[in-house]
Amino acid sequence: MKFKEGKIIETFHVEKNGKKIEVVIRYPKKSDLMQIWKFYNKAIRESEGLSRYSFVPLKDEKKWVGNVIDGMKKRDKVQLMAEAEGKIIGSVGLERKNVERKKHCGDFGIAILQDYTGLGIGKKLMTLLEKDARSINIKLIELGVYGRNKIAQKLYKKMGFKVAGKIPKCVKTRKGFDDDIIMYKVLKK
Ligand SMILES: CC(C)(COP(=O)(O)OP(=O)(O)OC[C@H]1O[C@@H](n2cnc3c(N)ncnc32)[C@H](O)[C@@H]1OP(=O)(O)O)[C@@H](O)C(=O)NCCC(=O)NCCS
């Protein structure tokens, strides 16, 4: 992975509501801040699948963007943004575990805006992320997905992830609690 802020990794087209649109996958840049802030707060409102449910203040988002860019420079993080119709519509990230014995493992997260789901963008982002993960010597990807999030579970199984186990009712939802399903994928060279 040769990180450069804003570098384009891939461009492709998808059909959305009968219209062909261009999707650009690229690394984040500092000037994305307002776009990322808008994107992430919208994703939080739309989905119960993400790790947080409350609004992210701008100052926290600014810190996050800075940390991601620093992490990518240090080869401890990989973050890809998907851009379409003039805005950020998706994001995938991986962070090297900060544990001496687990430095070859990374924690994973993904979000696509509802309007852009089911178009293959999630699969594409994951494939490209795995490529960069290998290049920074990540050998295993780990994630937690909520029991009710069947769509994400299907995507992960399709991408070769295996279920390690389940932690019952450890996730707070609007209505009560949900399980956390832990999945992993060993990356082959
Ligand atoms: C889960 C998520 C990332 C999937 O991204 P996506 O771009 O819609 O996924 P893709 O279009 O690449 O589809 C990949 C696979 O997911 C499954 N999938 C996607 N949309 C689906 C739907 N509406 N119903 C059932 N399965 C679906 C399918 O298995 C699909 O493969 P296929 O097209 O070969 O059948 C996206 O729905 C999302 O961001 N959801 C909200 C946030 C979230 O839940 N993040 C994950 C946290 S663990």
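The expected span of a helix is taken as 1.5 Å times one less than its number of residues, where helices (H or I, at least four residues) and strands (E, at least two) are DSSP runs numbered from the N terminus. The structure is a predicted model, in which local features need pLDDT of at least 70 and side-chain atom pairs count only at pLDDT 80 or more, whereas totals for chains, interfaces and linings use all residues. Residues are numbered from 1 along each chain as its sequence is written, and side-chain values use heavy atoms, with hydrogens and water left out.

For α3, the 15 residues should span 21 Å at 1.5 Å a residue, and this agrees with the 22 Å that separates its end C-alpha atoms. An α-helix has 3.6 residues a turn, so residues three or four places apart point the same way. Just after α3, Asn137 takes a positive phi of about 65 degrees.

The ligand is surrounded by 22 residues, of which the closest are Ile112, Gly118, Gly120, Gly122 and Asn149; a residue is included if one of its heavy atoms lies within 4 Å of the ligand. At least two residues of this shell come from each of β5 (105–112), α3 (121–135), β6 (140–146) and α4 (150–158), and α4 gives the most, with six residues. The shell divides into 11 nonpolar, eight polar and three charged residues, where Ala, Val, Leu, Ile, Met, Phe, Trp, Tyr, Cys and Pro count as nonpolar, Asp, Glu, Lys and Arg as charged, and the others, Gly among them, as polar.

Oxygen atoms of the ligand lie 2.8 Å from a backbone N or O atom of Gly118, 2.7 Å from a polar backbone atom of Gly122 and 2.9 Å from a polar side-chain atom of Lys158. The protein covers 77% of the 920 Å² of accessible area that the ligand has on its own, as computed by the Shrake-Rupley method with a 1.4 Å probe.

Strand β6 also contains Ile141, which is buried, with a relative accessible area of 1%. Ile141 and Lys20 are 121 residues apart in sequence, and their C-alpha atoms are 33 Å apart in space.

Glu10 has Ile25 in β2 as its bridge partner. The two strands form a hairpin with two residues between them, and Asn17 in the turn has a positive phi of about 50 degrees.

Note on methods
Pairing = 2+ DSSP bridges. Polar contact = N/O pair within 3.5 Å; in protein donor to acceptor, adjacent residues only side chain to side chain. Buried < 20%, exposed > 50% of the residue type's maximum accessible area, 1.4 Å probe, protein only.
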